[in-house]
Amino acid sequence: MITLLPSKEPNSVQRAMMARKYGMFIHFGINTFYDTEWSDGTLDINGYKPEDIDAESWVKNAYEAGMNYVILITKHHDGFCLWDTKTTDYCVGNSPVKTDVVARVAKACEKYGVKLGLYYSLWDRHEKCYKDDKAYNDYMCAHLNELLGGRYGEICELWLDGAWDKYPKQWDIPRLYDLTHSLQENCAMAVNLTIGKSLFKLTGARFRPHRYKQGMPIRYFPSDFRLWDPFFTRADDPKLYSHGGKLYYLPFEATICIRNMRNWFWDPHYTRDRLVGAEFIAEKYRLLTQSGNPLVVNVAPNTAGRQEQEDVDCLMKAADILGIRRDAGALLRKNV
């Protein structure tokens with residue numbers, strides 16, 4: 001099992017993450033069907049009715065765009081689970097479309113040789129035991145056992161969000177970290193807003209990624225890398241951060257949306273919003289990867305279960321600019 005040790009150099013998990021360079025975020029869930037970015041866990045489960053879940057096209061688009069991994073939403077702040085679970089009634093298994101979305105994406109990742117990462121929100125606005133820290137932490141660990149226990153193959157990354165709703169110690173991050181690495185030794189785990197003092201005391205611009213300084217405190221320890229979406233580091237991004245008087249090496253993963261930087265879930269107005277542009281994506285790819293940090297771009301599927309063609313075209317143009325575009329057809333013919 002990987003243990004995060006004081007170091008001025010990346011460990012094997014961090015080196016593998018840095019080598020992945022470029023990935024796709026996939027925000028899809030009950031919010032997709034209710035014209036909202038965040039919901040409070042009370043949306044009617046019967047509204048989740050995708051016409052299709054074309055996960056193969058999502059992963060194929062990522063592969064052709066030169067991306068090496070995808071990060072799929074498994075549970076957002078609303079608590080709706082996109083995989084087959086018996087831990088809650090608020091999941092795809094009780095919806096009109098019972099497809100295990102995590103399984104569908106995992107199968108496509110295997111087909112195209114793309115690594116699979118998972119997003120999971122710590123904050124849960126539906127689960128009744130949420131205010132009981134011990135009971136809720138047990139609930140989360142049950143989920144991690146399902147998601148990381150081998151059912152979906154190798155998981156390269158666990159992206160944890162929503163920690164701001166409680167004090168850091170309430171989450172028992174060391175327990176989540178140890179469980180993650182006991183189930184998936186090579187999985188990189190991090191909690192959003194990784195660096196800084198307690199979020200309840202300071203959330204100012206001083207702790208945004210472009211202002212990071214060596215030795216700043218790690219808010220959520222242990223984490224294998226840093227997160228704060230949708231911001232970017234500077235070219236000379238420092239990698240050493242402090243906990244308990246010791247320094248730890250932490251790369252940064254930048255996550256943005258292909259439209260308006262923050263447009264995570266698809267909604268009926270989605271295609272009216274401005275694309276960030278292929279040149280912008282290429283510029284940020286170079287900025288991040290040249291300093292050993294990966295870039296992830298969110299491309300949200302719509303209610304038909306497909307990504308918008310304009311989004312896909314933008315990714316392909318960026319791939320052409322960077323010279324990293326790939327031919328999925330050639331890959332499949334080679335593997336026949």
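This note goes through the sheet, the helices packed on it and some backbone details of the structure.

1. The structure is a predicted model, in which local features need pLDDT of at least 70, side-chain atom pairs count only at pLDDT 80 or more, and totals for chains, interfaces and linings use all residues. Residues are numbered from 1 along each chain as its sequence is written, and side-chain values use heavy atoms, with hydrogens and water left out.

2. Seven strands make up an open sheet with parallel pairing, in the order β5-β4-β3-β2-β1-β9-β8; strands (E, at least two residues) and helices (H or I, at least four) are DSSP runs numbered from the N terminus, and two strands pair if DSSP finds at least two bridges between them. The edges are taken by β5 (188-191) and β8 (254-257), each of which has a single partner strand, so one side of each is left without a neighbour in the sheet. On average, neighbouring strands are turned by 20° against each other, direction ignored.

3. Two of the pairings can be described by their bridges. β8 pairs with β9 (residues 295-298) in the parallel sense over four bridges, and I256 has V297 in β9 as its bridge partner. β1 and β2 likewise pair in the parallel sense over four bridges, with I71 in β2 as the bridge partner of F25. Strand β2 is largely enclosed by the rest of the structure, because seven of its seven residues are buried, where buried means under 20% relative accessible area, exposed over 50% and partly exposed in between (1.4 Å probe, protein chains only).

4. Helix α1 (residues 12-20) packs on the sheet, touching β1 (22-26), β2 (69-75), β3 (115-121), β4 (157-161) and β5, and its direction makes about 85° with that of β5. Helix α2 lies across β1 and β2 and runs at about 155° to β1. Contact means heavy atoms within 4.5 Å, while axes are lines fitted to C-alpha atoms, for helices over the stretch in contact, with angles running from 0 to 180 degrees between N-to-C directions.

5. The axes of α2 (residues 55-64) and α3 (residues 101-112) come within 8 Å and cross at roughly 40°. That makes α2 oblique to α3, given that angles under 35 degrees count as roughly parallel, over 145 as roughly antiparallel, 65 to 115 as roughly perpendicular and the rest as oblique. Residues A55, E56, W58, V59, K60 and Y63 of α2 meet V101, R104, V105, A108, C109, K111 and Y112 of α3.

6. Leaving aside neighbours within four places in sequence, A190 is in contact with L158, W159, L160, S223, F225 and L227. Its C-alpha lies 9.8 Å from that of F252, at a sequence separation of 62 residues.

7. Some backbone geometry deserves a check. Most residues other than glycine have a negative phi, and most peptide bonds are trans. The peptide bonds from F221 to P222 and from D229 to P230 are cis, with omega near 0°; P222 and P230 are found in the loop between β5 and β6. Positive phi values occur at D35, near 55°, and at D172, near 50°. D35 sits in the loop between β1 and α2 and is partly exposed at 39% relative accessible area, whereas D172 lies in the loop between β4 and α5 (173-183) and is partly exposed at 31%.
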